[in-house]
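Open the model in your viewer and keep the sequence panel beside it. This tour tells you what to select at each stop.

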Amino acid sequence: MERLENANPVVFEKLKEREVLPSDEDNDVVDKFDAREVYDLIRSINDPEHPLTLEELNVVREAHVIVDDDRDCVKIVFTPTIPHCSMATLIGLSIRVQLLRSLPERFKVDISIEPGTHAQEAAVNKQLADKERVAAALENGHLISVVNQCLSIKYH
């Protein structure tokens, strides 16, 4: 059996579901994307090692989601559970794929590790920011299969 890097992660409480307002369902009302809406897209991504979500592991937090709808920019800063997490690039890639699949194409998405929380922070951030590397990763059948598992909805 494969040994887990973080066998006993701290599990955090999930946020309550966002209340849906009548204006949210009104197609005639133009509303801008906000941090909570983008956070809701990524909070339920599954951790590649544990049967928990990125939200439950505090890897993603609403406070680290920045959305500028007028400038078509989304910035996500995530925090690996341990400083030497070998899954950091996979987690960042899963976040990017989820947003690529969910947001309009007009958005530029920037994914990075919270400064000072990972031993290979600069290298991981460089990989996640390199469009050619991301595109190549998405052409790798095994890797996209693992990403899709992270993005699949699991019912607890």
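Helices (H or I, at least four residues) and strands (E, at least two) are DSSP runs, numbered from the N terminus. The model is predicted: local features need pLDDT of at least 70, side-chain atom pairs count only at pLDDT 80 or more, and totals for chains, interfaces and linings use all residues. Residues are numbered from 1 along each chain as its sequence is written, and side-chain values use heavy atoms, with hydrogens and water left out.

Select D72. This residue sits in the loop between β1 and β2 (73–78). Most residues other than glycine have a negative phi. D72 counts as partly exposed because its relative accessible area is 25%. The cut-offs: buried is under 20% relative accessible area, exposed is over 50%, and partly exposed lies in between (1.4 Å probe, protein chains only).

Now go to N58, in the loop between α1 and β1. Phi of N58 is also positive, near 65°. At 21% relative accessible area, N58 is partly exposed.

**Salt bridges**

Here a salt bridge is a side-chain nitrogen of Lys or Arg within 4 Å of a carboxyl oxygen of Asp or Glu. The count by this rule is ten.

Select R43 and E55. They form a salt bridge, with the closest N and O atoms 3.1 Å apart. Both residues lie in the loop between α1 and β1, twelve residues apart. Are they buried or exposed? R43 is buried, at 6% relative accessible area. E55 is buried too, at 4%.

Next, select D68 and R71. Their closest N and O atoms are 3.7 Å apart in a salt bridge. D68 is partly exposed at 26%, while R71 is exposed at 65%.

Then pick R133 and D130, a salt bridge with closest N and O atoms 3.8 Å apart. Salt bridges that share partners also join R36, D40, R43 and E55 into one network.

**Helix α2**

Select residues 88–102. This is α2, with 15 residues. How many of them are buried? Eleven of the 15 are, so the helix is mostly covered. Among the buried residues are A88, L90, I91 and R96.

**Two glutamates**

Finish with E49, in the loop between α1 and β1 (65–68). E49 is buried, at 18%. E49 and N6 are 43 residues apart in sequence and 8.6 Å apart in space, C-alpha to C-alpha. Now select E25, in the segment before α1 (35–42). E25 is exposed, at 61% relative accessibility.

Definitions and conventions: Expected span 1.5 Å × (residues − 1).
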